[in-house]
Each structure stands twice: as C-alpha cells, then as structure tokens.
Amino acid sequence: MTDRPRSVSGWWQVLVALLVPLNLELLLALVTPVGVLAERREELYGFLSLASLLLVLCTRWAGWLRSYRRALGLAAFWYGLYHGWLALQHVLQGDPTNLLFLNQGTQASIWAGIVALAGLLPLTLTSFSGAQRRLGRAWKRLHRLGPWLTLLSALHTAWAGVHFGFVPLKFTSLALLLLSLGLFLWRRRSPASRSPSPLRS
Amino acid sequence: MNTLPRTLLALLTLATPAALAHELARDGNVGALMHTDPDDAPLVGKPTGVFFELNQKGGRPILLSQCACTLSVYAGGVRAGRPALSQGKLRQGQGQLLSSVLFPAAGAYTLVLQGRPKPGLASGAAFPAFKLSWVVRADVAGSGGMNMNH
C-alpha cells in the first residue's frame, strides 16, 4: 500500500505562508534596533525564500512534505521577490545604479540572486496543473532547474553574507523557534502521534 | 536531485561568512557602503568599529594609500561653522577602510567621509574628490542604528 501524502487546502497553505513571516517579523521587531529593522526584514525574506527552496528539496526524502511542494516553490518566489524589492529600497536606496558602487564580489553575489529569482519566474508561472499538462515533458525539464536555482540562491546568500549578530537574545529566540518547528514536524511525522493512544478506549 | 548540487549546497552552508556592509552613500563617481559595530546599532560610551567599503563606480576599490581621506563625526547634523566633534583615524582593512569612533551621548551623529586622490597617483587609479555622509543613532542599549534619510 502506498503512503499517499495528505492533501492540504490551498487557502491553509497561503495562510501558513503569510503567518510564518508575520510571526518572524514580530520577533524581529522585538529584538532588532529600530534603525536597522528595514535591512533585517530584507534579510529575513531572503532566508525564508532559501528555506522554502531547501524544503522543496527535502520533499525527496520526506514524503509527507510532498503535498506542500507547490506551495513551497511559490512561497520561495514571492519571498524572494519581496526580498529583492526590500534590498533595492533599503540597501540600494531605490536606485538600481547604486549596485555599481558596491565591490565587484558583492555585485557578483547580487547578480547570482537576480539570476536565481529570474529563473524561478518561469517555474512559478508554470506551477499549476494546466501548464503541467500542456507542457508535457518540457515541464519536467523546466522544473529540473529547481535544484540548480536553489544552489544559486544558496551561493548568493553565502557570497553576500549573513548578518544575524551574536546577541544572546537572538540566538535564544532562533533556537526556540527551531526547537518548536522541530517538535511540530516530529509530532506530525511520528506514527505514535497519528495512531490512537492505547490509554484511550 | 543530482548529487552535485546537493554536495555544493552542503558546502555552502558551512562556508557562509558574516555580511560585510550595509548602507550606501554616493557622490559623483565614488560610493561607499558603511557598517558599524555591533550589528549597525552603535553603543554610547564604547568605541564603535566603523567600516567603509569605498569604491569607484564599477566596483574598483579606493585604498587608503591612494586617498587623502578624513572621517569627521558631528553631533546631530552638519552645520556651517560648527566644528566636528571628533576625527576618526582611518586605517586600511581587507577591502575596506576601518575606524573606531566614540559616541559620548545618546542621539544622532553625522559621519562624514571625504577624500581626494593623493598627489602623484597614477592617472589610471585617479578618482574625483568626494564627500559622503551618513546619519547614525547611538543608544545606551544598542537600540539605535542608521537613519537612512541622509
């Protein structure tokens, strides 16, 4: 018998995709100095985009995540687009030509991010069943770009650098968030959590 | 997924460095990205590390050996006739100019980095004189940061 992934309603997935960044924004507002909040928000959406792309890859091994794959891919694109817009507003101060005043390494890292985002656009536009049917084999070829675009996004992040700050409150918050997420995922996955308790009759 | 991108992804995760710099100011053909420690939120009464990634348009770095650069710190905004609170001593770091600045009280400060080519600089490395400024807010608990309305 095949273990079919449970289907989750599209609205529920949209709600989760909105609530996760809103919660993280709230946390960010609590722990980040006001003057750098805009820049940290920009970084947050970059991380969310990369995390979504990495979770899409995880669906290879975590079958129960498979029903979220499309939502994760779409979320990665929209988070990435918002990240790019925030970076343009707050790092380049709304002027794309300011990119030319960054050092060549940073410029290259930003181009890697731009190419990754541009590459995600056709995947996003063809991420519905109608496009999958119409494109046939070409759809599969196109969507095989996904792992490479994930790699390019990771390269962009690593190259541009992460800026989190070694502040205990932030690390504690992040550790607690990851622990909560881990417990939530473990509970969902654990067979014990799905079968009825032997204590209940 | 192929093994190659998966392996490269794992390596990238291990090799991610700290971010370099953040807010950009430009004047003509010269621009610089500034970052202050800690975490772009300077503290009052403690020496604050300030980093400038100074480049010509196109990304060619301007080194301290090529530039007669000065860093001035003003309390509040820059006003004609009002002297700078202090002058930061600049030194060359890896791909950036470094300085250490002391903010004596909570509030807004303006950092002005200006420079011109050193005499005798080869024409290929020459750059126009520039004046770049950033407004920084120092706070006791590090709850300040940069004000982007400069």
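Modeller: What follows is a quick tour of a predicted model.

Biologist: Before the details, what are the ground rules?

Modeller: Residues count from 1 along each chain as its sequence is written, while chains are lettered from A and ligands numbered from 1 in the order in which they are written. Since the model is predicted, local features need pLDDT of at least 70 and side-chain atom pairs count only at pLDDT 80 or more, with totals for chains, interfaces and linings using all residues, and side-chain values use heavy atoms, leaving out hydrogens and water.

Biologist: OK, what does chain B average in pLDDT?

Modeller: Chain B averages 81, and 79% of its residues score at least 70. pLDDT is the predictor's confidence in each residue, from 0 to 100. The model also scores ipTM 0.73 and pTM 0.73.

Biologist: Switching to rings. How many aromatic pairs over all chains?

Modeller: The search finds 7. Rings of Phe, Tyr and Trp (its six-membered ring) pair if their centres lie within 6.5 Å; planes under 30 degrees apart count as stacked, over 60 as edge-to-face and the rest as tilted. One of the pairs is Y45(A) with Y82(A), edge-to-face at 4.7 Å centre to centre and 80° between the planes.

Biologist: Which parts does that pair tie together?

Modeller: Y45(A) is in helix 2 (residues 37–58) of chain A and Y82(A) in helix 3 (residues 69–90) of chain A, so the pair ties together parts 37 residues apart in sequence. Y45(A) is buried, at 7% relative accessible area, and Y82(A) is partly exposed at 29%. Here buried means under 20% relative accessible area, exposed over 50%, partly exposed in between (1.4 Å probe, protein chains only). Ring pairs link Y45(A), Y79(A), Y82(A) and W85(A) into a cluster.

Biologist: And S49(A), buried or exposed?

Modeller: S49(A) counts as buried, at 8%. S49(A) sits in helix 2 of chain A and, leaving aside neighbours within four places in sequence, is in contact (heavy atoms within 4.5 Å) with A76(A), Y79(A) and G80(A).

Biologist: Now charges. How many salt bridges over all chains?

Modeller: There are 3, a salt bridge being a side-chain nitrogen of Lys or Arg within 4 Å of a carboxyl oxygen of Asp or Glu. Among them is E25(A) with R41(A), at 3.0 Å, N to O. That pair links helix 1 (residues 10–31) of chain A to helix 2 of chain A, 16 residues apart.

Biologist: Which one crosses between chains?

Modeller: D95(A) and R26(B) meet at 3.3 Å, N to O. D95(A) is in the loop between helix 3 and helix 4 (104–125) of chain A, and R26(B) is in strand 1 of chain B. D95(A) is partly exposed, at 26%, as is R26(B), at 35%.

Biologist: Last topic: what order do the strands of the open sheet have?

Modeller: The order is 1-2-3-7-6 in chain B, with antiparallel pairing; two strands pair if DSSP finds at least two bridges between them. Strand 1 (23–27) and strand 6 of chain B each have a single partner strand, so one side of each lacks a neighbour in the sheet.

Notes:
Helices (H or I, at least four residues) and strands (E, at least two) are DSSP runs, numbered from the N terminus.
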